[in-house]
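Colleague: Could you walk me through how to read the features here, starting with the contact between the chains?

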Amino acid sequence: MKNYKSILVILSIGITSCSSCKKDDDNATTTYQPGSVTLEYENVVNGIHVDISGGTNYKNAAGDSFNITLLKYYISNVELLKSDGSYYKVPESYYLINEANVSMHKAVMSDVPGGVYTGIRYMVGVDSTRNVSGAQTGALDVGNLMFWTWNSGYIFFKLEGTSPSAISGTNPTGDYTYHIGGFKQSTGANMRTITAAFGENLTVDGSREAEIHTTVDIQELFKNPVDISLAVDNDVMSPGPVATKIANNYVDMFQFEHIHNAK
Amino acid sequence: MFRKLWMHLHFGGMHPPLDLYFNMNKIILIFILVVSIYSCKREDCNDAIISFNQPATFPPPVYTFQNNELTQSGFELGRKLFYDPILSKDNTISCGSCHQQVVAFAHGEHKLSHGIKGLLGTRNSPALFNIAWQNAFFWDGGSNSIEVQPVGPITNPVEMDETISNVISKLQSTSYYPSMFQNAFGKDTITSQLMLRALAQFMAAMVSADSKYDQYKNGTATFNSDELNGYQIFRQHCESCHKEPLFTDLSYRNNGLDIAFGRDAGRAQITLLPLDSGKFKVPSLRNIAVTSPYMHDGRFNSLSLVIDHYRTGIKQSTTLDSQLISGISLTAAEKLALLSFLNTLTDYTFINDKRFSEQ
């Protein structure tokens, strides 16, 4: 009996504190500490973590068999949607996601103002300003091999591998190369904006965990709105209509999954 | 000379001719001392000091050293990098290999340039000067900043064939580059950004504006009658594209070299516009007398051949510049006068300026 009572007391305290938690969250006068927010990208094919060893054969919407040996892309210009409907623009937010390097599956944004956030908006690619601003550093370092030297500008998205459909007289190994970039309106501005609502609150408050998980399904590159055939388009390394077609396809590749926000 | 002076002081008054000879030396020495002291005052005591001097007649520069202030140590680091074959894969080719100061940083007598292992490129190595006024680089204007331009030749498989990350680690592992970067940028951890900024400082400081033409314009030199005639002919027939004072309007034009452009579509490769097929950047005519061979593929060995091309060699195509459809009509005498004028565009001060030379 005594035990029961103490359990009840503990439970009620727990419930009370929980509900007070919620109250705090909604209370505009609550002070939150700045903290870091982590973006995590999980690259998948058909929902299973991507294999970039080249050892797994996938089949795309057009029916081409293909494998993957390289996958890299830029996430930039991150903005977090505040509960009041305004956006907090994360300064200098340029991140290179590189499947080959586990430490580059995540982007950590530090010193995000404390508060409650309900969504996110970011660019896949690099804004036009940084494409014309000379030598950059960090994620935008030209040494990251995501820069066209013959036609200045960042490569926003790289996917490489082989496909039997791509085999030809001049391409006996069936390599396919998708280097998607291009920031000029005249040749096709291929930056794409991704927007997602969390469906719940993400509270940034000091050391409180704040992670935003997104899955990136490579299959989406090959379909919707148009199917990409590896027999036809397998060597894309410049801005232009094909690059734009692929960029249009990969917009829906970036699917918000969930947040982690444990205290 | 010092030894002779010393001899004179100690063994002076031997016989008159020798004494006179020694005195002459003394006079020359004093003269040199006076001149060097005077020029010291004028040039802040060191003619190695770099500064960006905006010529009064030039428009404002495109590259303004924003976020990359021109400093002596940054400039000298850029110069060292420019002449260092460490930037190439097998440490054999430097920027200076294909950009030689004696020919205004073009590649003397090379239609095309050989990169590592003797591999040939596809376009003529352009002269380098007045880079700060250029808004785009390469014959097709594909590179949009002097800071990122060097990444092209460094990584091109037929030029220097190196990766940027390798260059950085090679530089970092030398005994001298980290301290040079420390002096130039306050950091001894080398990044591609800092390397490229140093190169940009060196290249953007290369101002060429002291040719006989410039001296004529500012009243410190005179043109002879051929040169004057040639200047008039230039203004009548060439000026619309090779616009003063840069002697280029920075545009891209098809100057009638070919009837088809399958081998090199030029500007169209960048803009993807068929109307840009066969168009290439209008090069500056400054220093033109020393930068042979000419055109984007180096097909003409002499200025005489270039002028003859415009007189009688224009090939028709849909993108041919409208001003060249009938060619440029010049008599033999007019051609010679024009050549005389073009020769006044050589800036000997620039091509002999030790600040831009390999040290």
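Modeller: Two residues are in contact if their C-beta atoms, placed from the backbone, lie within 7 Å. By that rule, the contact takes 20 residues from chain B and 16 residues from chain A. This is a predicted model, where local features need pLDDT of at least 70, side-chain atom pairs count only at pLDDT 80 or more, and totals for chains, interfaces and linings use all residues. Residues are numbered from 1 along each chain as its sequence is written, while chains are lettered from A and ligands numbered from 1 in the order in which they are written.

Colleague: Which helices of chain B each supply at least two residues of the side that touches chain A?

Modeller: Helices (H or I, at least four residues) and strands (E, at least two) are DSSP runs, numbered from the N terminus. On chain B, the helices are H5 (151-155), H6 (164-172), H8 and H11 (268-271). The largest share, four residues, comes from H8(B). For residue classes, Ala, Val, Leu, Ile, Met, Phe, Trp, Tyr, Cys and Pro count as nonpolar, Asp, Glu, Lys and Arg as charged, and the others, Gly among them, as polar. The side of chain B that touches chain A has seven nonpolar, 11 polar and two charged residues.

Colleague: At what angle do H3(B) and H8(B) pack?

Modeller: Axes are lines fitted to C-alpha atoms, for helices over the stretch in contact, and angles run from 0 to 180 degrees between N-to-C directions. Helix H3 (residues 72-82) and helix H8 (residues 192-204) of chain B pack at about 95°, with axes 7 Å apart. H3(B) and H8(B) are therefore roughly perpendicular (65 to 115 degrees). Among the residues making this contact are B:Phe75 and B:Leu81 of H3(B) and B:Met195 and B:Phe202 of H8(B). By class, the contact has eight nonpolar, three polar and one charged residues.

Colleague: Which residues of H13(B) are buried?

Modeller: A residue is buried if 20 or more other C-beta atoms lie within 10 Å of its own, and exposed if 12 or fewer. In H13(B), the buried residues are B:Ala337, B:Leu338, B:Phe341 and B:Leu342. They cover an arc (taken from the directions from the helix axis to the C-beta atoms) of only 145°, which puts them on the same side of H13(B). On the other side, B:Ala332 and B:Ala333 are exposed. The cover over the buried residues includes helix H10 (225-237) and helix H12 (303-313) of chain B.

Colleague: And how many helices and strands does chain A have?

Modeller: Chain A comes to three helices and 16 strands. Of its 263 residues, 38% count as buried.

Note on methods. Angles under 35 degrees count as roughly parallel, over 145 as roughly antiparallel, 65 to 115 as roughly perpendicular and the rest as oblique.
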